[in-house]
Amino acid sequence: MNWPQLLVTVLTLGSIFGVVTLSLNLQYARGGMINFGIVAYFAVGAYTYAIFTQPPPQGLDQYKFGFGWPWWTAVIVAGLAALVFAAVTGWPTLRLRGEYLALTTFAFAEVFHSLLLNERRIGNGTVGLARVERPFGDWGPIEEKYVFAGAAALLLVATLLVFRRLLVSPYGRALDAIRDDETAALAAGKPAQKMRRQVFLISAVPVGFAGAVYAMFTTLAQPSLFTAEVTFIVWIALVLGGERSVYGVVLGTAGLVFFEEIVRAWPFETVRSAQIAASVEHVVTGLVFIAVLRYQPFQAAATRLKVSK
Amino acid sequence: MTLPGGAAALNGALLEARHISKRFSGLQAVGGSDGLSFGVDRGAFVGLIGPNGAGKSTTFDLMSGVQTSDTGSVFFNGHDITRSSPDTIAEQGIGRTFQTPRAFESLTVLQNVVAGATSPGESLRWAFGRSWRNHETEIVEAAQAILRRVGLHERAAARVSDLSGGELRMLEVARQLVRDPTVLLLDEPTAGVHPGLQERLAALLQDLHSGGMTLVVVEHNLHFLLALADHILVLADGALLAQGPPADIRADPAVISAYLGGGDAA
Ligand SMILES: Nc1ncnc2c1ncn2[C@@H]1O[C@H](COP(=O)(O)OP(=O)(O)OP(=O)(O)O)[C@@H](O)[C@H]1O
Ligand SMILES: [Mg+2]
């Protein structure tokens, strides 16, 4: 097995999905909002990045827009697009609570997914947008994939720092108060509705960035990459990591990605054994989840990290 | 002051209910036949009494924006706050506690009181900066002073889940006091509070009253309330049965038959 390659992939994907899990954590653990459509915000980032960087359509291309902008402007636009998408989807849904919000966000994501599938002028339909380019080359002796992994990790760290800054402020305390007891928080002058809306919008921005980086990584923006499965994986990572700790969330995501990648990269001798492994993967995944939920190792590790700090 | 509704304005009232009512799926909780109207003067200490289910807590909900009145209006400082949200009403200076004490479980006792105050760092614009830290020290000091005042200073670092029911009540009072409200509505502050702490609470309320705070207190403990309040409102079936100074209320035959049950509580 190619360990360096595996670790680079885990670092890259772990960072990208870590950003999504962190944002979900902000929405859920601090804002009390259940978003089961998080993949849509991620997809908006990826597609926006692809559309703004790709060349204008030619030949057989069915997509209508390609702007050929520099990569970094497209990343910024991806974050803004996710913000706008959050504003549009949040406006009718955020009045709903708990499972109703979960259902509507899920429905929004499904509608968006089917829009991507069927509206060829935006994203080329099922084929997707395949003209995404990675912006970084080798940095002297450092290979491109390491540079890229570093950039993804940087996005994760930046997101972590910005969220932390927000959460240690009185703003974060007010969010905790609202989540703990909304009626009492209102009686203490906290504008619960407004703050929830803000959290929903703020947390969408890094998800848009992460979507852009994911599009760079896969050099593709395709509907099959943005199914509800992404939402579930990110939720599982959140639960694994322990919703109350940002470090646990990051560790949980990294652990989950590592597990998936190691199953994918295992050098099987025969096709038959690969088939067996593929079917066993689901069983093992289930067993690992049960074990992790029972013993919560990531959460414990995160707590130790916090204590020793 | 001219107000809709026809009847003369209650002169100088700081907080005023005019024909308010609330119906819950057929049950008239507040309002009676013509809606509930009363005024609370600036600096007054008003007691709100009445049998279980009379509509006392619902009246508080209507005045603090937790519920919206079906009819009529609520005025505070001359502004119509009938349809204002509870957080804006709180920001305007009406504080309240709840019959079942509420607390922020994930925060410590001190942090609960600190969270009661409105810090500049609670707005998104300031949260990322550093200037809110200057105010933070002030708020924490104010919170500590108030905890001392309600007798919870030794519990400052405790989790709220470790507090007794009576301590929780005092914590809720503290969380409102740190906001320095113009009017404070207290819903059964002595319920579940042991006698020693009740005396402390009585002294505190007297202190707040002489400091100029306007108080409206719902109580079943008439012994406690009639000794403190200077004006009593008696509610029965959502309507005002009687009002006046405590001495008159004690002697009012209608009140005695509807509520005091022979005056044993006084
Ligand atoms: N949210 C609600 N939904 C339905 N009915 C309610 C609601 N809140 C109050 N009620 C009813 O309205 C009436 C008045 O209730 P309220 O709590 O205001 O009375 P109260 O005077 O505070 O009584 P207590 O002394 O027992 O606290 C009661 O009959 C109560 O059951
Ligand atoms: Mg009540």
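The crossing of H2(A) and H9(A) is right-handed, where a crossing is called left-handed if the near helix is turned anticlockwise from the far one by less than a right angle, and right-handed if clockwise. Helices (H or I, at least four residues) and strands (E, at least two) are DSSP runs numbered from the N terminus. This is a predicted model, in which local features need pLDDT of at least 70 and side-chain atom pairs count only at pLDDT 80 or more, while totals for chains, interfaces and linings use all residues. Residues are numbered from 1 along each chain as its sequence is written, and chains are lettered from A and ligands numbered from 1 in the order in which they are written.

Helix H2 of chain A covers residues 38-53 and helix H9 of chain A residues 192-218, and the two pack at an angle of about 55° with their axes 7 Å apart; axes are lines fitted to C-alpha atoms, for helices over the stretch in contact, and angles run from 0 to 180 degrees between N-to-C directions. H2(A) and H9(A) are therefore oblique to each other, given that angles under 35 degrees count as roughly parallel, over 145 as roughly antiparallel, 65 to 115 as roughly perpendicular and the rest as oblique. Among the residues that make this contact are Ile38(A), Tyr41(A) and Phe42(A) of H2(A), together with Ala204(A), Val207(A) and Gly208(A) of H9(A), two residues being in contact if their C-beta atoms, placed from the backbone, lie within 7 Å. The contact of H2(A) with H9(A) comprises 15 nonpolar, 3 polar and no charged residues, where Ala, Val, Leu, Ile, Met, Phe, Trp, Tyr, Cys and Pro count as nonpolar, Asp, Glu, Lys and Arg as charged, and the others, Gly among them, as polar.

H2(A) also meets helix H4 (residues 98-118) of chain A, their axes coming within 8 Å and crossing at roughly 35°, and this crossing is left-handed. Val39(A), Ala40(A) and Ala43(A) of H2(A) contact Phe108(A), Ala109(A), Phe112(A) and Leu116(A) of H4(A), a set with 7 nonpolar, no polar and no charged residues.

H9(A) has a further partner in helix H1 (residues 3-30) of chain A, the axes of the two coming within 9 Å and crossing at roughly 165°. H1(A) and H9(A) are therefore roughly antiparallel to each other, and H1(A) passes H9(A) in a left-handed crossing. Residues including Thr12(A), Ile16(A) and Arg30(A) in H1(A) meet residues including Val199(A), Phe200(A) and Phe217(A) in H9(A), and the contact holds 13 nonpolar, 4 polar and 1 charged residues.

Between the chains, the contact takes 26 residues from chain B and 21 residues from chain A. On the side of chain B that touches chain A, helix H2 (86-92), helix H3 (109-116) and helix H4 (124-127) of chain B each supply at least two residues, and H2(B) gives the most, with 4 residues. By class, that side of chain B has 11 nonpolar, 7 polar and 8 charged residues.
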